[in-house]
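My entries follow the display.

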Amino acid sequence: MIRSVPRSRLFDALYMVYLVAFFVYLALPLLVTAVFAFNDAPFPSLPWQGFTLDWYFADGSASADGSAGRTGLFHDDGLLAALWVSAKIAFWVTLVSVCLGCVNAVLFERLHFRGKEFLYLLMLLPLVIPGVILGVSILVFYSGMANDVSAAWGIELDLFRPGMTLVVMGQVTFIATLSTLVIAARLRKFDPQLEEAALNLGATPLVAWFTVTLPWLMPSIFGAAAMAFLMSFENFNTTVMLTGSDTPLTVALFNRLREGSTPVLNAVALLLMVGSALLAALVMGRSNK
Amino acid sequence: MKSSASRLSLWLLLTPFLLWIVLLVLLPHLQMVRVSFQVRESWDTIAWGVEQYQNFFTESYYWRTFLRTGVMSLFTTFLTLIIAFPIAWYIARLARGRSKSLLFMACLIPFWASELVRTYGWMILLRESGLFSSWLQALGWVDGPVEMLYNDVAVIIGLVYNGLLFMVVPLVTTLDGMDENLVEAGYDLGGGHGTVLREIVVPWAMPGIVSGCIVVFMLTLGSYLTPVLMGGKDSAWFTEQIFTQFITRFNWEQGAALGVLLLVLSSVIVWMGLKISGQSLRKVMG
């Protein structure tokens, strides 16, 4: 089973077939989703009716042959608004998670204090709580608090009603753990002597941190930021419990999908895939330098 | 002076951590447990009781869905492990150089799309007017359209698909670090493929297996989109019931109780998995 152990031809052939089948299984759903974003038919299914960019650019006016107007993604105000909401949420989640990740990484990799093991386990906790539960518990606590405060004193804490703030809080809960793990893994490989050298040369701890340690952490910070942004953008389970009237993209897409599928959904899906791929490629390009 | 400075920096670093864990994890979950024991008597009076938990055990729809979700999640996790292991083995041990990193990257690509997009892709393939149905008709194997969506098999196909990455990555990481001499020694001492796999490879890969299984199990148990969009009338998922209580019925007390039950189920199964395999959470997740 390893390279140095002889294998039979038949085994090798079967193994190859399995590998190919596996990668077809991985690629097929995404491939068809992408392809049908360009099919000139009102419903994403065969037969192929020809290539069109309508699902991106059509502006909703009736076409020349009198068929009903199509509204492409770039003229669909609902989806564009949802895209913007998602981007805002992802920005805040990324900012908070990466800052928390840096602080936590230093806390757990550099400092020694009593109860560290226990706190580390607490830090890992959000990874073993289902996303729906994270959303539900935050909804119950904060939205319930807003209700109680409103009933008792008549003060409206709109901040804690379902909406963008709660979505950001819910997503930070688990994304902060992930970014901590990514940044801590890099900090573990850092040679503390470099920092000591800076201190010996007269730098204050703060200057040493910003000129020596932080540059070393930079690749992992970019990696954590890209991951946080993508995970926030794609999250559904936690988000759906906490969202208010300004729905983010995944929730808006889900609502559309329940009404029935149109190639506009494929167009959004392809756009998301391309966006994620570009972001991933950007980060990998940076970290290879 | 020195100790007070380090004390200050400890507290400066500890504060954001504690704010995050206490305000976003501990307090909300404690409150959820508290609410699950509240019984609403009228619109402004509440009493304490276990009514919500009684509802769960007396209404068979609740606990049947609960059991179904648990069993199907375990099965999905197991299936994902079986499917992912040969792939991880190939990437870690048999592929070389460029093809190795290419194959690894290929495993990651589907996960640049969100769960919703992936599920949508499967819907386009499997539904009555979908591609598989059209292809089968074109080949002349079936006479009319075939509905392959909205059943348990479709749900499991989708769930396994969602979990694969989280199984392949930890497996590749642990298998990559394995010393091939161990495997060779196993063969030299007369072990067959099965023995070597059982006695050498699996024990070595255990941390990766456990960490992959935990993540896939959690994701599957807590998934909502795939079972809702790909499942049929009879394939309810437990998260769906929590969602219904909160969003449709505004019955927070019942929803909180169901949430606590789901949390208990996942914690117990993860804990048992760690005990049986002799691993610790810190080792497999950190």
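I looked up the handedness first: α5(A) and α11(B) cross in a left-handed manner, meaning that the near helix is turned anticlockwise from the far one by less than a right angle, clockwise being right-handed. Helices here are DSSP runs of H or I of at least four residues, strands are E runs of at least two, and both are numbered from the N terminus.

I noted that this is a predicted model, in which local features need pLDDT of at least 70 and side-chain atom pairs count only at pLDDT 80 or more, while totals for chains, interfaces and linings use all residues. Residues are numbered from 1 along each chain as its sequence is written, and chains are lettered from A and ligands numbered from 1 in the order in which they are written.

I then took the geometry: α5 (residues 131–153) of chain A packs against α11 (residues 238–248) of chain B at about 20 degrees, with the axes 11 Å apart. The two helices are therefore roughly parallel, a term for angles under 35 degrees. Axes are lines fitted to C-alpha atoms over the stretch in contact, and angles run from 0 to 180 degrees between N-to-C directions.

I listed the contacts (C-beta atoms, placed from the backbone, within 7 Å): A:Val132, A:Val136 and A:Leu139 meet B:Thr239, B:Ile242 and B:Phe246. Five of these residues are nonpolar, one is polar and none is charged.

I checked the unreviewed UniProt entry for chain A, whose "transmembrane region" annotation includes residues 89–107 and 163–185. Residues 89–107 of chain A are 100% helix, with end C-alpha atoms 27 Å apart.

Conventions
Angles under 35 degrees count as roughly parallel, over 145 as roughly antiparallel, 65 to 115 as roughly perpendicular and the rest as oblique. Two residues are in contact if their C-beta atoms, placed from the backbone, lie within 7 Å. Ala, Val, Leu, Ile, Met, Phe, Trp, Tyr, Cys and Pro count as nonpolar, Asp, Glu, Lys and Arg as charged, and the others, Gly among them, as polar. UniProt positions are given in the numbering used here, feature names are shortened, and annotations may be inferred rather than shown by experiment.
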